[in-house]
Amino acid sequence: MTQHKAEPEQGLIYEDLLPLRWRITEKEATPLDVAKLNGNNEEVLRFIDILGEHPSDTGNNEYPPLNQDLTKIEVKFELLLSLVSQLLSVYFPLPPPVQVKLDTTGVEWISSDTLNPGSYGLVEVYLSLHCPRPLIFPGKITGVEATMEGVRINAQFGELSATLRERLEKIIFRHHRRSVAQIRRRPALEPKVPPA
């Protein structure tokens with residue numbers, strides 16, 4: 001198996017267990033295809049951004065909810081989104097989740113299948129179960145490496161529009177911030193003191 005290494009190294013990385021699918025294409029995406037995919041991805045990220053905005057995420061209790069009725073409406077809306085997402089998953093099943101590292105230049109994932117370095121395709125990544133529309137990036141396989149977990153695959157994205165890059169960076173930053181906050185909220189393990 002050919003081994004290449006093209007791991008994302010710039011800035012923050014979105015690392016999570018996410019549904020992902022790779023579809024092989026015969027050739028590199030045309031500029032028109034890239035423009036259409038960029039537009040679709042900008043829309044998907046805008047929806048994810050809107051759905052992910054919660055005042056409680058900031059941890060700032062300086063501004064309490066305007067009233068309890070708005071809070072109840074938000075909870076009902078989230079429940080409705082959850083139910084619709086579950087219904088859609090029955091008719092349009094998502095690909096199985098895999099360990100993913102995503103940044104604005106490419107994506108890395110662990111697979112049970114191998115791919116040929118240099119091959120072109122489309123990578124579909126589902127960042128939010130509340131918005132079951134994938135981000136679809138044209139890409140090229142730049143790295144394939146056998147590991148204990150499976151095959152680590154690296155794909156380099158085609159050209160991203162400035163708006164898409166900015167939205168993706170925002171989502172990656174928010175995910176990173178939430179991950180750090182979750183780690184900080186975990187209770188520290190108390191050191192064991194030997195009996196005197």
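Predicted model: local features only at pLDDT ≥ 70, side-chain atom pairs only at ≥ 80, totals over all residues.
Local features need pLDDT of at least 70 and side-chain atom pairs 80 or more, while totals for chains, interfaces and linings use all residues. Residues are numbered from 1 along each chain as its sequence is written, and side-chain values use heavy atoms, without hydrogens and water.

**Stop 1: the helices**

Select helix H1 (residues 31–52) and helix H3 (residues 162–185). Helices here are DSSP runs of H or I, at least four residues, and strands are runs of E, at least two. H1 and H3 pack at about 35 degrees, with axes 9 Å apart. Axes are lines fitted to C-alpha atoms over the stretch in contact, and angles run from 0 to 180 degrees between N-to-C directions.

Now select Asp49 and Lys170. They form a salt bridge, with the closest N and O atoms 3.0 Å apart. The term means a side-chain nitrogen of Lys or Arg within 4 Å of a carboxyl oxygen of Asp or Glu. Asp49 sits in H1 and Lys170 in H3, 121 residues apart.

**Stop 2: a salt-bridge network**

Select Arg21, Arg23 and Glu124, which are linked in a network of salt bridges. Glu124 meets Arg21 at 2.8 Å, N to O. Glu124 lies in strand S4 (residues 120–125) and Arg21 in strand S1 (residues 14–24), so this pair ties together parts 103 residues apart in sequence. Glu124 also meets Arg23, at 2.7 Å.

**Stop 3: two rings**

Select Phe137 and Phe157. Their rings are stacked, 4.0 Å centre to centre, with 20 degrees between the planes. Stacked rings have centres within 6.5 Å and planes under 30 degrees apart.

How values were computed:
Phe/Tyr/Trp six-rings, centres within 6.5 Å; stacked < 30°, edge-to-face > 60°.
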